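User: I'm new to this one, could you walk me through how the chains meet?

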Amino acid sequence: MTENELIAGCVRQDRACQEALYKRFYGKMMGVCLRYAKNRDEASDMLQEGFIKVFTSIRNYASKGSFEGWVRRIVVNTAVDHLRRNKHEYMIVSTVYAREGDVPDQAEEVDEENLLGNLSEEEILRAVSQLSPAYRTVFNLYVMENMAHKEIAEQLGISEGTSKSNLAKARFQLKKNLVNLIKLADGERTLTR
Amino acid sequence: MENGHLHDDKLFRAVHDRLSDYEAPYNGADWDAMSRSLDNLPKTTRIPRMQWKFSLNSILIGLAVAGLSVAGIAMASHSGSDAHAATQQPSPNNEAQPVSTSYQVSTSPPAQPQQNNVTVNSAPAADMSQPVASTETSTPSTDNQQLSTDRMTDNTNNATAAQQNTRRQKNNSKYRFADQIDPKKGFIYNTQEDQSIQNRNIKDPIPGIYYDGDNNGNAASTAIEVHKDSSGVKSHRVARPVRDTTAAGKSSIPSGEERTGFDQQ
């Protein structure tokens, strides 16, 4: 079935068309949700919430731009809303992150361009999910969604300066997480030898 | 690269390149949960019909409200016209006496015309104090009813004529004010300006002293005295007279003609 046929079927609330559409966009949209969520379960909740919005508002799709981009925008907004609703929980998580004190005094000299060479996408996603929710959200919106700090500030209800600060901290923490993952992976490889 | 603002950040560019096209493996359990959620959603296909129902109900309610409003306005205007008609025509119930109550029925040929004791007001409505002596003989009840109806009609016609005359007088009058306002009948007496009063000021100016003021609003040093002689009404300036505050002096000044504020001695 073509995309237009699927859309028309979803407008009619045809369950088969809905399932087909869900399967067609599941992989990419779940990848989006895994970047915003702290674990798989939370990502599944975000994805389900996002697709419900897609199916209930699909009649409003005006065929301007790609359908995938339209679905992606809904899923991203749903993920951000999910994080904002559970802000109190993430505040505690942020505190935990800060209390652990696992922040190096100096940035390690790492070849950033080749840092990800031996890591899988799932490991990179795990490194991203280990960021605090505030850092992770700004990172995803800036790096993955190509939003400017002004747009990020408006969407999250923060200042532009906070957005830039969070991004810098996210970068620092992400690099550290990736380095730790590499070390962990090397240690496992060493153990398995 | 899509996002140009990452061109100088190697780490961000590397993460973006690795994750932008990532697709998670499909998990059938997620669709099962999704399907259950969709089953619990309200059917959107029913919504348009419900919208139509709501629209139709809204239309019917609007029509009902409009109809009631029109009916209310019609009733109000009709009752208003009834009230106006009531001011023109006296209610027959108030004036007409029930004829049958005191009508003397005589079966035998009367030797002389009988005087009815019934006072039926057949005079104009403005003058209700004159009883009318009827010389008509008594008849059986059906004729009595017809007679009462005829008399009520006569009363109404006479009252209408009288009211019309009054109305003509009112229309010719320059001033019309209501003396009394009856809640049911409306204006029932109208004040008429006495023409003699109107004419007097024109033809017979009242002689007297008229005080004047200067441009600054102060009392002028002179006053205007008006008097009438054989040659007509004349006026001339005189020195401001001392105000006569005695009773005689006050009585010589017609009421309503006194000027106050300028009689400073």
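**Where chain A meets chain B**

Analyst: In this predicted model, 11 residue pairs with both members at pLDDT 80 or more are in polar contact between chain A and chain B, meaning a pair of N or O atoms within 3.5 Å, where one must be able to donate a hydrogen and the other to accept it, and where residues adjacent in sequence count only if both atoms are side-chain atoms.

User: Which helix gives the largest share of chain A's side?

Analyst: That is α2(A), with 12 residues of the side of chain A that touches chain B; helices here are DSSP runs of H or I with at least four residues, strands are runs of E with at least two, and both are numbered from the N terminus.

User: And how many salt bridges does the rule find across the interface?

Analyst: The rule finds 3 between chain A and chain B, a salt bridge being a side-chain nitrogen of Lys or Arg within 4 Å of a carboxyl oxygen of Asp or Glu. One of them pairs A:R15 with B:D39, whose closest N and O atoms are 2.9 Å apart.

User: How many residues does each chain bring to the contact?

Analyst: Chain A brings 45 residues and chain B brings 34, with contact meaning heavy atoms within 4.5 Å.

User: Switching topic, how many helices and strands does chain B have?

Analyst: Chain B has 8 helices and 5 strands, and from the N terminus its elements run α-α-α-α-α-α-β-β-α-β-β-β-α.

User: Anything on numbering and confidence?

Analyst: Residues are numbered from 1 along each chain as its sequence is written, and chains are lettered from A in the order in which they are written. Local features need pLDDT of at least 70 and side-chain atom pairs 80 or more, while totals for chains, interfaces and linings use all residues, and side-chain values use heavy atoms, without hydrogens and water.
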